[in-house]
Amino acid sequence: MLVPDSVTDAELSTVQLVATAMSRLPTDPACPGPLLVHTDGAFECHGPGCPGGLAIFHGQDDVDPCSRRPEIRTRHGCPRCLTRSDGAALVEHTCTGEQVEHDDCGIDCSAGDACLGTDALHLSGRSCRMFGTCSRNCRSTG
């Protein structure tokens, strides 16, 4: 992964989380990504048919900070994304809930029925195990 000039603690922690997860997965099959990491620690994969950022192997060349791929319309808005020229358009279609990606490829949102959908941009997102054990006790599919 190419490290941007300024890296937040949350971003660095997420890259370490992804690296640890990838070291436990077989390298085949692999997702070509890109798996984007945001300044607030959220991550999202834009690989075709990707089952989830932590559910399939992503090589270090497939992990990028969101600023390195400005052509991709992200589903999550961090301060770095929102400074791009199309950032204002992102805010208009943003879910205010926190999106949680589970090891079993499920996705929850704290906004419940008010969520704009799993493909909508979310103000925040994280892995289900980022702050301890998963509340759903999900199991990895790998």
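**Close-up 1. Strand β4 and its neighbours.** Strand β5 (residues 107–109) runs antiparallel to β4, and three bridges join the two; strands pair if DSSP finds at least two bridges between them. Helices (H or I, at least four residues) and strands (E, at least two) are DSSP runs, numbered from the N terminus. This is a predicted model, in which local features need pLDDT of at least 70 and side-chain atom pairs count only at pLDDT 80 or more, while totals for chains, interfaces and linings use all residues. Residues are numbered from 1 along each chain as its sequence is written, and side-chain values use heavy atoms, with hydrogens and water left out. β4 and β5 form a hairpin with five residues between them, and Cys-105 in the turn has a positive phi of about 80°. With β6, β4 runs parallel, joined by six bridges. Gln-99 has a partner in each neighbour: Cys-109 in β5 and Gly-125 in β6. Six of the eight residues of β4 are buried, meaning under 20% relative accessible area (1.4 Å probe, protein chains only).

**Close-up 2. The largest pocket.** Here about 380 Å³ of space is found. A pocket is an open set of points on a 1 Å grid over the protein atoms alone, where a 1.4 Å probe fits, with protein on both sides within 12 Å along at least five of seven lines; lining residues have an atom within 4 Å of a point. Grid points are joined across faces, edges and corners, and the volume is the space filled by probe spheres set on them. Of the 24 lining residues, Glu-44, Arg-75, Gln-99, Glu-101 and Ile-107 lie nearest the centre. β2 (43–45), β4 (94–101) and β6 (121–127) each give two or more residues, and β6 gives the most, with five. The lining has eight nonpolar, eleven polar and five charged residues; Ala, Val, Leu, Ile, Met, Phe, Trp, Tyr, Cys and Pro count as nonpolar, Asp, Glu, Lys and Arg as charged, and the others, Gly among them, as polar.

**Close-up 3. The second largest pocket.** This one has a volume of about 240 Å³. Ten residues line the second largest pocket, with Ala-21, Arg-24, Leu-54, Asp-103 and Arg-129 closest to its centre. Helix α1 (residues 9–23) gives the most, three residues. By class, four lining residues are nonpolar, three polar and three charged.

**Close-up 4. Thr-14 in helix α1.** Have a look at Thr-14, which is found in helix α1. Thr-14 counts as buried because its relative accessibility is 2%. Leaving aside neighbours within four places in sequence, Thr-14 is in contact (heavy atoms within 4.5 Å) with Val-37, Gly-41, Ala-42, Phe-43 and Met-130.

Definitions and conventions: Buried means under 20% relative accessible area, exposed over 50%, partly exposed in between (1.4 Å probe, protein chains only).
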